[in-house]
Amino acid sequence: MGVTDYPDEFERIYEPLDVKSKKIHVVDSGLTFNLPYPLILRPQRGVDLIISFDFSARPSDSSPPFKELLLAEKWARMNKLPFPKIDSKVFDREGLKECYVFKPNKGDKSCPTVIHFVLANINFRNFKAPGVPRDTDKEIEFGDFDIFDDPASPFSTFNFQYSNQAFKRLHDLMEFNTLNNIEVIKEAIKDSILQRRENPSRCSVSLSLNEIENKKFLKRDTSNAKRHT
């Protein structure tokens, strides 16, 4: 599965808005792909590391969790924005994991690293905290649940009311998955800091708040000067 496997997802994406129309029809951009990468991929942001959490529905708990991420990669390529290669075959090699790390090619100084957390109940079934096994029957029962394979679909996108237990299970699961991979996050942050030190001009196009304020005052002063002359 690659970025070209979804050829119609971005059909008419560059079609201009009809400015003469009295009505504008707005839809959720998640219908195109369900990850908010466009907001942070602007070159001016100079992003080094992206930690994303994908809660998109999958056919089953054991399904590959990369559909939305592959679409984000395709969108980035279409808009000539740097994005790491998403190797979906990692699922065949390593199976379902709590998170996956996708790094840029060596020497690509403008491309961010992506840590992709997926909705998966793996180690949480047997551990109530990283390294702390579940002991009581109540603890074991709490952690023993499916997400997409549950016929009752308690975590469905179209379920607008969660029971207290369903909410707590989902909350505690993602907290556990994050803490269980904290060293992965720390290592990626360390690598990003080292890369930024080696390339201090990476975000040179961005402006500090002081520079923005100064530009505002300069523009205001210039306008005042023109009115008085």
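Leu-17 lies in the segment before strand E1, strands being DSSP runs (E) of at least two residues and helices DSSP runs (H or I) of at least four, both numbered from the N terminus. The model is predicted, so local features need pLDDT of at least 70 and side-chain atom pairs count only at pLDDT 80 or more, whereas totals for chains, interfaces and linings use all residues. Residues are numbered from 1 along each chain as its sequence is written, and side-chain values use heavy atoms, with hydrogens and water left out.

At 59% relative accessibility, Leu-17 is exposed (buried means under 20% relative accessible area, exposed over 50%, partly exposed in between; 1.4 Å probe, protein chains only). Together with Ile-24 and Val-26, Leu-17 makes a nonpolar surface patch of about 350 Å². Such patches consist of residues with over 30% relative accessible area and no salt bridge, nonpolar side chains (Val, Leu, Ile, Met, Phe, Trp, Tyr) being joined within 5 Å and like charges within 9 Å. A salt bridge is a side-chain nitrogen of Lys or Arg within 4 Å of a carboxyl oxygen of Asp or Glu.

Ser-56 is found in the loop between strand E1 (49-54) and helix H1 (67-78). Its relative accessible area is 8%, so Ser-56 counts as buried. The side chain of Ser-56 forms a polar contact of 2.6 Å with that of Asp-54 and another of 3.0 Å with that of Asn-34. A polar contact is a pair of N or O atoms within 3.5 Å; within protein, one must be able to donate a hydrogen and the other to accept it, and residues adjacent in sequence count only if both atoms are side-chain atoms. Beyond neighbours within four places in sequence, Ser-56 is in contact (heavy atoms within 4.5 Å) with Asn-34, Glu-68 and Phe-148.

Leu-69 belongs to helix H1 and is buried, at 0% relative accessibility. Residues up to four places away in sequence aside, Leu-69 touches Leu-35, Tyr-37, Phe-83, Ile-86, Phe-102, Val-114 and His-116. The C-alpha atoms of Leu-69 and Leu-35 are separated by 7.3 Å, although the two are 34 residues apart along the chain.

The structure holds 10 aromatic pairs, defined as rings of Phe, Tyr and Trp (its six-membered ring) with centres within 6.5 Å; planes under 30 degrees apart count as stacked, over 60 as edge-to-face and the rest as tilted. Phe-145 and Phe-155 form a tilted pair, at 5.9 Å centre to centre and 45 degrees between the planes. Both Phe-145, at 5%, and Phe-155, at 13% relative accessibility, are buried. The rings of Phe-155 and Tyr-162 have centres 6.2 Å apart and planes at 65 degrees, so this pair is edge-to-face. Tyr-162 is partly exposed, at 34%.

Note on methods
Areas by Shrake-Rupley, 256 points an atom, 1.4 Å probe, with all protein chains shown as cover.
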